[in-house]
Amino acid sequence: MKCRRAVPTFFLSATLVASACSTNSSKSTGSSGGGTQNSGGSVTSGGAGAGGGGQTTPGSGGSVSGGQTVTPSGGSAAGGQATGGVATGGQAGGAIGGVATGGQTSPATGGVATGGQAGRATGGVATGGQTSPATGGVATGGQAGRATGGVATGGQTSSGTGGAVSNPGSTGGFIPSTGSTAGSIATEGNFSMDPGWKFIKQDVSGAQATNFTETGWDTVSTPHTYNDIDSMRGYTSHSGGDHGLYQGTAWYRKHFKIPTAYQNNKVIIEFERIRQTASFYINGTAVGTYSDGVTACGIDVTGKVTFGDTENVLAVSVNNSGGGQYWNANATNPSFGGLVGHVWLHVPGKIYQTYPLFINLATSGIYIYGTNYTNITNNTAKGDTGDLTLNVEAEVSNESGSAQSATLGVKVIDPADGSTVTTFSGTATSLSTTAATVVKASGPLTGAKLWSDLYPNLYTVVTTLTVGGTVVNQRSTITGFRKVEFRGGAGTGGIYVNGRFVYLLGFAQRSTNEWAGPGQAVPDWMHDYTAKLIRDANSNYIRWMHVAPQKVDIQSFDRYGVISSAPAGDKETTNPTDAQWQARMAVMKPTMIYLRNNPSVFMYEAGNAAVSAAQMKDLQTLRDTWDPNGGRGVGDRTMSDTGGIPYSDYFGTMLGNSGYQDAYRDKGPIVETEDYRDEAMRGVWDDYSPPHVGGFIPGATDTYNLTSEDFTTGQVARLNTWLITSTIRNTSGGKYSAYASIYFSDSDADGREQSSCVARVSGKVDVNRIPKEAYYAFRVAGNTKPDIHIVGHWTYPAGTTKTMYVLANNVSSVDLLVNGKSSGKVTKATNGYLYSWASVAFASGTIQAVGYDASGKQVCEHTLTTAGPAAAVKLTPTVGPNGLQADGADFAMFDVEVVDAKGQRVPTYGPTTKPADNQPINEPKITFTVTGPGTWRGGVNEAMLNSTNNLYLYTECGINRVFIRSQQTAGDITLTASSPNLTSDTKTVTSKAVNVVNGLL
């Protein structure tokens, strides 16, 4: 049994990007996991190191500081820290961040374990009963192996008397329990269907038939894309994106058995994401179609499946080529075809709370929201706190065949300690047998830990249906509560969260959010990895572009405090026709329903271009119908029809000029949706650095001619404009409440470096999340404490003289020292954050930037050290918090570096002669060998054709990143990396067995 969704809290590798001034001494020698590009760098601060820029886990009670220009003096990182909690009395194995007191895994009566039991549970809480059968036990927050944050009451993971175990998830679900008694939950089930699909990338006649022979088919697991092997192999184009992707039909077939205990239940299959169109068959019978490519959908197969020992076959035909809806556009929505999201099997009883799967099922699920917020206090040890009225509206389907009356019960659990915060019930409600009925309950929630970007506090809300004294249905929803206001006015407007002004600082990002090698379909922990990188850049905002975001990204953002806007479906259509607009609203409705319990979603966007006033009114009406109390605003990227002002809560601009009016600012927040469209590869430092001496060499159709250094200084200028000059807090002409730079990570989309790059390289990290220097511009600009970063490296050819740049914030002056000798203090920054020294002569050793406050006290520093000659290849593996899962969909990530004899990355590895183009022609390649149950997916060189999925690669600035996907066989996977004249390296990761039973997890 697989829990509804995992909640990874840390990554098994070296430290991720740290805030520059959050510790007194933090070496930065090229660590993996998104660590700094700089070689030999260190950053220190004179402060106490109170968590500026984030913590490894934003656990409950903790905070991730620094995504705003107004924060509680840098915030704090208390409560919910990274790894390896305290254990008293024992706990079972690998709890993460957990605290266990008196807990155990063997049968217990009244035992207590807090913080994650049963091996891989994360953040879980168990009280009075553990993984083995227990008497009267209550387990809350993550049992049964991988369960995370879930809720289990009165039972155990195997069959028991009166026992029932529920697992987490926004749409709920249950661990199997064979039987029920009076006062106990009815038999229900929720399974993952992810592992072990048969797959072929072609159209095959008759593949829907139950007895079809799958000769020559591969075995894959979902999430899966069939464009993982052919993406980013050709230069991208602005009009068409990646022309090398296979676009056509592929087939998936899933064999599974459903236990007999569920033979009287409903049977519903949920697909979180499919790209683009699909047809579904169960046991040879057509059961539905799908066409929009961005929403979740459900298939009701009740009465069409068998139970017990007879196998069922689910067949899905998927097509990612033309068709579907008009936003099926590869340039703006990269065509990673396949079952790119999780697949779930829901088996509730005949009286049940529905699922938020409007497509095909026309159901809306559970809606949870707060009202009447009072007594709000900001920045306490628990974050923002306050009182509210908690409201739950559950859509209930009665398919029992007779009239019933049901009562909705609510229990709120704090996953930080497993405590029950409040319980209450609604009144008995008659259930129709012909249509769904909304059953409600409301009650007070006092002293609640509110959700915000600084304090992403979450709760588990358990909702139960009671009929005739028997609980017949139970669900668990992970959500958070926050008061959001959209205010207008010069100097007073903006977005307020729990009464506190929050400046949104971040990025516009393609909703595919893909990686090179894995493609769009990556495990949950890699989505968390991206979210953490965003927060470690002291950023708190993603504006998803064109189409609805993936649920798994939104859940990561819930945990890490990243605020989102959510479009529905659009390419870039100004003044859409009625038909186009109705199609767009037809996916906005299910998007609202699917995301309305996720606290990180703040805005619903009309589209990527202007719409009419009547269309804005439609969007407002839709929001008021399906999410009237969620604290979410509606708006557009650019508004040209001023008649839409009354119907908009916020107003977008592009590049700071398209779409702005004072009248908009006076009505609501002005949000910059996509600025700084320039592009630059990560691998070209500047004009002086090998192996790209002379800088980037543009081709005939390239739009930009930027090095990483140029890209960084340009970004700083834009940050200065929005964060300092034009912020709404600046009463002398302030305008903006939010800033998004396009993109966060490079993407297989509509690039303008059409002669040179296989991706759109506007990202502040590359497509595999290795930071560019511009990434640190965001970290510095967004920090509320002193912060400093030297742009580039300090390993140049002898005789190099160049301008050196330093990013700094919250300092009065900066000094630059070469081997201890001052280059002179600079007291005035260019563009707010950039300090520079002309004609600095390279000298092997160290270069140090030191920031001082007004009294002359050192408050931060960053040091780089010259690397020695290349001596070895170094591999650093990263896996998810639960280890590498042998489920066929998990990935191990390996950073590959070239290092000197001391193990320091060589940032200028390669030939020192000026190249003819951007290709690493004379640079020795890194070759790889893989053994064990893993599937090589490689990495990318963004300036090379056909570099993905090869057993060789080149480093860029001394580092690159490759991926191996697990298979369904557990065991040791060994990777060796070699290069001529360098010592090779070998690393082994071990995949862990996953208990798949009859095709279900």
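Start by selecting Leu719. Leaving aside neighbours within four places in sequence, Leu719 is in contact with Leu505, Ile724, Tyr739, Ala777, Phe778, Ala781 and Tyr833 (contact means heavy atoms within 4.5 Å). Before going further, please note that this is a predicted model, where local features need pLDDT of at least 70 and side-chain atom pairs count only at pLDDT 80 or more, while totals for chains, interfaces and linings use all residues. Residues are numbered from 1 along each chain as its sequence is written, and side-chain values use heavy atoms, with hydrogens and water left out.

Now widen the view. Leu719 and Leu619 have the most contacts inside the largest nonpolar core, which has 82 residues. Such a core is a set of buried Ala, Val, Leu, Ile, Met, Phe, Trp, Tyr and Cys residues joined through side-chain atoms within 4.5 Å; buried means under 20% relative accessible area, exposed over 50% and partly exposed in between, with a 1.4 Å probe and protein chains only. Colour residues 578-595 next: this is helix α4, which gives the most to this core, with eight residues. Helices (H or I, at least four residues) and strands (E, at least two) are DSSP runs, numbered from the N terminus. A second, separate core of 33 residues includes Met193, Ala278, Ile299 and Leu345.

Jump to Val267, in the loop between β14 (249-256) and β15 (268-271). Is Val267 buried or exposed? Val267 is buried, with a relative accessible area of 1%. Among its contacts beyond four places in sequence are Ile258, Ile299, Phe307 and Leu345. Draw a distance from Val267 to Thr302: their C-alpha atoms are separated by 4.8 Å, although the two are 35 residues apart along the chain.

Next, show β30 (residues 484-487) and β31 (residues 494-497), which pair in the antiparallel sense over four bridges; strands pair if DSSP finds at least two bridges between them. Here Phe486 has Ile495 in β31 as its bridge partner. Six residues lie between the strands of this hairpin, and Gly489 takes a positive phi near 115°. Then follow β31 to β32 (residues 500-501), an antiparallel partner joined by two bridges. Tyr496 has Phe501 in β32 as its bridge partner, and Asn498 in the two-residue turn has a positive phi of about 55°.

Finish at the ring of Phe501: the charged end of Arg729 sits over it, 4.4 Å from its centre. This label requires NZ of Lys or CZ of Arg within 6 Å of the ring centre and within 35 degrees of the ring normal.
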